[in-house]
Amino acid sequence: MLFSQFNSNNKNRQVLVDGVNSDKIPHALLFFGPSESGKLAHALAYIQYIFCLDKKNNDSCGVCSNCLKNGLLMHPDVHYIFPVASSKNNQKPVSANYLELWKKNVLKSGDLNLETWTEIISKDKKNLVIYVQEIYELEKKINLKSYQGEYKVFLIWNANKLNTQASNKLLKSLEEPPTKTLFILISESKEELITTVLSRLISIKFQPNNNSEKTISESKHMLFAETFVEWVRLCFNANKKNKINDLVDLVEKIASMNRTKQLDFLNYVTENFRKSFLYNYSLKNQLYLDIPHENFSVERFSCFVHRKNIFLIFNKIEESMYYITRNANSKLLFLDLSLTLSKLIYKENKVENDLT
Ligand SMILES: [Zn+2]
């Protein structure tokens with residue numbers, strides 16, 4: 001997730017980003033504040049920023065290989081810990097037992113609250129807990145080398161649900177963390193954490209969002225939605241003779257935007273492809289992909305975005321964004337991108353159809 005994808009708190013964002021830019025990333029942070037204050041979204045954007053290979057304007061690029069992994073919560077050096085429910089069959093549950101379910105629900109909304117999560121994993125709405133066995137698992141991971149030789153991050157969502165045993169055990173890791181290890185604890189209140197744990201954390205307070213900024217980003221998306229739908233439609237039809245002229249006309253229109261807007265547009269395109277992939281792949285009827293256009297069907301579009309082409313599509317968009325920043329000829333660039341996308345979405349889908 002990018003900071004620009006949600007209504008981020010400018011002050012907190014600046015503090016976090018400055019730390020990364022000056023190579024002063026703390027060992028342990030606490031994000032606290034009421035629900036709806038975007039704590040988890042900030043944490044995910046922050047993590048993505050730390051790992052991003054091509055940081056720009058105090059935000060991650062959204063398209064490098066690390067951003068793609070973090071955008072799908074699949075980065076191997078980022079570990080997620082959250083409260084779970086014990087059951088007859090599983091007396092000692094850990095987050096790993098529910099990881100895919102948790103990720104799906106976070107990706108669906110970009111945030112998640114404890115109440116919703118409780119309803120999802122416990123029919124009788126049991127009190128969820130982070131048990132001590134979770135910290136044993138954490139200790140195993142902490143001592144392994146990170147996959148990329150860089151940071152290892154442990155995100156503890158709803159850390160107020162750590163039971164006493166787990167809190168005390170976690171304390172040891174917080175006291176002597178290996179280098180390049182970052183803990184991010186998230187909690188609605190500070191008071192629910194034990195004081196010894198709290199004393200090890202740098203706290204950052206979050207407030208509920210104000211909606212005015214959201215409206216600005218929404219209206220920007222409204223503006224891009226029409227161009228996006230038209231563009232995708234023409235990409236699908238690029239092999240038809242009478243449509244190529246329409247595609248060239250649209251490409252000229254896109255290329256006439258200034259370069260910052262072209263990059264914004266491609267970020268918007270990337271996000272739509274990412275969401276469509278998730279929709280098609282694992283989140284049917286759940287994912288919120290809002291493209292306000294009467295001729296656009298998420299269901300139909302998402303069938304064309306799948307395992308075989310998603311990374312090729314991302315790579316091509318990333319390459320195009322790079323050349324835009326290098327002042328490449330925008331008309332040629334967008335035409336080339338359109339034709340490549342056309343091949344990727346059309347050909348790969350044909351293969352899929354043949355298999356079914
Ligand atoms: Zn990146």
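**View 1. Strand S4 and the two ways its side chains point.** Thr181, Phe183, Leu185 and Ser187 point one way from S4, while Leu182, Ile184 and Ile186 point the other way, and all are buried. Here, buried means that 20 or more other C-beta atoms, placed from the backbone, lie within 10 Å of the residue's own. In a regular strand, side chains alternate between the two faces of the sheet. Seven of the seven residues of S4 (residues 181-187) are buried, so this strand is largely enclosed by the rest of the structure. Strands (E, at least two residues) and helices (H or I, at least four) are DSSP runs, numbered from the N terminus. Please keep in mind that this is a predicted model, where local features need pLDDT of at least 70, side-chain atom pairs count only at pLDDT 80 or more, and totals for chains, interfaces and linings use all residues. Residue numbers start from 1 along each chain as its sequence is written.

**View 2. The partners of S4.** Strands pair if DSSP finds at least two bridges between them. S1 (residues 28-32) runs parallel to S4, joined by five bridges, and Ala28 has Phe183 as its bridge partner. S3 (residues 152-157) also pairs with S4 in the parallel sense, over six bridges; look for Leu155 with its bridge partner Ile184.

**View 3. Val153 in strand S3.** Val153 lies in S3 and counts as buried because it has 23 C-beta neighbours inside 10 Å. Val153 touches Ile47, Asp77, Val78, His79, Leu182 and Ile184, leaving out residues up to four places away in sequence; contact means C-beta atoms, placed from the backbone, within 7 Å. Ala28 is 125 residues from Val153 in sequence, yet their C-alpha atoms are 9.8 Å apart in space.

Technical notes: A residue is buried if 20 or more other C-beta atoms lie within 10 Å of its own, exposed if 12 or fewer, and partly exposed in between; C-beta atoms are placed from the backbone. Two residues are in contact if their C-beta atoms, placed from the backbone, lie within 7 Å.
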